[in-house]
Amino acid sequence: MITTILAAAAGPAAHGGDNPYGLAAALEQGGIIAQSTFGILVLMSVVSFYIMFTKLFEQQKIINQAKRIRGSFWQTNSLREGSAKLEKNSAYKQIVDDGLQAQEQHSKLTDPVEAHDWLHGSLARSEAMINSKLGTGLAFLATVGATAPFIGLFGTVIGIYRALIKIGAAGQASIDAVAGPVGEALIMTALGLAVAVPAVLGYNWLQRRNKSIAEDLSAFSNDVLGYLASNGAVRPTVAGAAKPAAAKPAAATTTAGQAGGVQTRS
């Protein structure tokens, strides 16, 4: 967005010699204040796009992991076997490993604590760490979206102020005297909006994707909790998975919060 505006502003100068009303001339006439404002806005834009692309990459990686989890993880014989087949830095592997570690630690506790509460707390903490990592940088996007228009407005105010000074010094309102400062003011306004709008759109979009990922992580964590609390007797039904050859009649119960239900066999 910034580069498009810069190219458009520099276009007349490239085709018709020096442009007295272009971006470069406006920054030169505006002095250190206009140049600093412009530099801050460009920096905010660059960092915003960097955060958006890196967060998008991280989110897509976890979404792809979730698809592989749904397809094969629960068909393994044990959580350890399933965890071994996951990627080393997988968010889902972290939840499984933290659950297995919490199960081992529970037997070492000297103060009696319900196994369910202990496992639930450990898995919830693991989820929170993953969600916190996914949310890193989004606060900066929100800050840019909220402050960039005002930074551009600051440059606008300075440009109008300089125009009024020139009018006062000249004693009359001449187009030649005020065109430069007014043009500088309008450019700063446009830059502020050009930086803020992508940041706000990116923030809302990434937040929505994070919410969807958090829901998937919570459902998977609940499945892991049911598996650990039942010593493997409770696991989610996998679509397309082979049914046991001999199955005893049993009532199916649905664990609260688990999409699709968790089958419990007695």
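**Briefing: the H4–H5 helix pair**

In H4, Ala91, Gln94, Ile95, Asp98, Gly99, Ala102, Gln103, Gln105 and His106 meet Ala115, Trp118, Leu119, Ser122, Leu123, Ser126, Glu127, Met129 and Ile130 of H5 (contact means heavy atoms within 4.5 Å). The residues of this contact divide into 9 nonpolar, 7 polar and 2 charged. This is a predicted model: local features need pLDDT of at least 70, side-chain atom pairs count only at pLDDT 80 or more, and totals for chains, interfaces and linings use all residues. Residues are numbered from 1 along each chain as its sequence is written, and side-chain values use heavy atoms, with hydrogens and water left out.

**Packing**
- H4 (residues 91–106) and H5 (residues 115–134) pack at about 150°, with axes 9 Å apart.
- That angle makes H4 roughly antiparallel to H5 (angles over 145 degrees count as such).

**Salt bridges**
- The structure holds 5 salt bridges (a side-chain nitrogen of Lys or Arg within 4 Å of a carboxyl oxygen of Asp or Glu).
- One of them joins the side chains of glutamate 87 and arginine 68, at 2.4 Å, N to O.
- Glutamate 87 lies in the loop between helix H3 (79–84) and H4, and arginine 68 in helix H2 (residues 23–72), so the pair ties together parts 19 residues apart in sequence.

**Confidence**
- Mean pLDDT (the predictor's confidence in each residue, from 0 to 100) is 77 for the chain, and 73% of its residues reach 70 or more.
- Confidence is highest in H5, at 89, and lowest in strand E2 (residues 262–263), at a mean of 40.
- Residues 243–266 have pLDDT below 50; beyond near neighbours in sequence, this stretch has 26 contacts in the model.

Terms used. Axes fitted to C-alpha atoms, helices over the stretch in contact; angles between N-to-C directions. Helix = DSSP H or I, 4+ residues; strand = E, 2+ residues; numbered from the N terminus. Parallel < 35°, antiparallel > 145°, perpendicular 65-115°, else oblique. Nonpolar A, V, L, I, M, F, W, Y, C, P; charged D, E, K, R; others polar.
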